[in-house]
Amino acid sequence: MANADIEAVKAAHPILDVLGALGIPVSHGRIRCLRPENHSHGDRTPSVSIWTDRGQFKCWVCVDVKGDVIDLVRLARNCGFREALEFLGGAPASLPAGRPQSSAPVNRNLPGTEAPALPNQATESAEAEEEALRQTLLAALLDACPPVGGKIGQYLVKRRIFKRTWDSQRLRMVDDYAGISRKLEAAHGLADLERFGIFNPAGHLRFYRHVLLFPYYDPTGRAVYLQARAIDPEAKPKELSLAGHIPLPYNSRLLDGEPGQIYLCEGVIDTLTLLEQGFPAVGVPGAANFKAAWGPLFRNKSVHVAFDPDAPGETGAAKAIERLQAAGIEARRLSPPAGMDLNDWFRRG
Ligand SMILES: [Zn+2]
């Protein structure tokens, strides 16, 4: 078959149709890897991006899982090039004249093309694709980083935050800077890692001093954002964040719509402190960061805004309360007595 004919086969079969024919579900522009054995949990959080415009796919972990619709069929059916072409129905009828009549089966319907089209996925926005990629890179970083222990655990213990809380919040640490760097760079390439604020523009993992990782998970348990804290008291700034928007407050799984109290904290450390003391707490990365769009997430909760008793804390608390109340949520300021921080106050209970 001539190259031009092969190109015509590809052009005749949009990747979403081929995925439909193969019975592979697409979720948010992603599919699960065709080599799930290379992934933790069988690639429960899909790692393969789909580009509907180019008709291509690529796994962000496996170097050999990528390509066009023919490669897709070969991987999914574990077959050769010729079989993959046959599956796709050979050359389409619209080929230019002059193609030998006797070549591969012509104009056979692709199995499954009767299935409803997937217009939403086909027109999925570039932003959604970017967000999906950011989540994949974040998942790769967290996969490479072990749970907190050792010296980094001691840092939390000093703040009266103990192992059951580190574990329940799935905190991670950068314990092997060089190894984690190499692993990420080999699997993903520097350009994307830099774009999402995981590597710096000089091509290095950003979390060299900021080795304590606070992942933000959505209610399904998928990591959607990250803050990293330096345990070295000299480091400035104390915390680093991923590039891009903050989709949800920290520990948003407590925002379940059930009636109850909730404490809204400034920063992850304060949130962990309250959780350790048995209070239901969620956090914003900084006092100024409570978004108007988050108000409705707090439905049925009575919110105590426990930001720091300083100027940014007061301003931020007033804004958060206003935004919560605008969403019909009951919210009030909670302030430790002057000179006492939240940690001391709650421990004295
Ligand atoms: Zn893969």
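Predicted model: local features only at pLDDT ≥ 70, side-chain atom pairs only at ≥ 80, totals over all residues.
Trainee: Which residues of H1 are buried?

Mentor: Start with the general idea. An α-helix has 3.6 residues a turn, so residues three or four places apart point the same way. Now the case here. H1 covers residues 3-12, and its buried residues are Asp5, Ile6, Ala8 and Val9. Viewed down the axis of H1, the buried residues fall within an arc of 155°, so they line one face of the helix.

Trainee: Which residues are exposed on the other side of H1?

Mentor: Asn3, Ala4 and Ala11 are exposed there.

Trainee: Now the sheet. What is the order of its 4 strands?

Mentor: Strands of a sheet pair through backbone hydrogen bonds, either parallel or antiparallel. Here the pairing is parallel, and the order is S10-S9-S11-S12. The sheet is open. Its edge strands are S10 (281-284) and S12 (330-333), and each pairs on one side only. Neighbouring strands are turned by 25° against each other on average, direction ignored.

Trainee: How many bridges join S11 to S12?

Mentor: There are 4 bridges between S11 (residues 301-306) and S12, and the two strands run parallel. For a position to look up, take Ser302: it stands opposite Glu330 in S12.

Trainee: Which strands does helix H12 lie across?

Mentor: H12 (residues 311-326) lies across S9 (260-266), S11 and S12. Relative to S12, helix H12 runs at about 165°.

Notes
Residues numbered from 1 in each chain as written. Heavy atoms only, no water. Buried < 20%, exposed > 50% of the residue type's maximum accessible area, 1.4 Å probe, protein only. Arc of directions from axis to C-beta. Pairing = 2+ DSSP bridges. Axes fitted to C-alpha atoms, helices over the stretch in contact; angles between N-to-C directions. Contact = heavy atoms within 4.5 Å.
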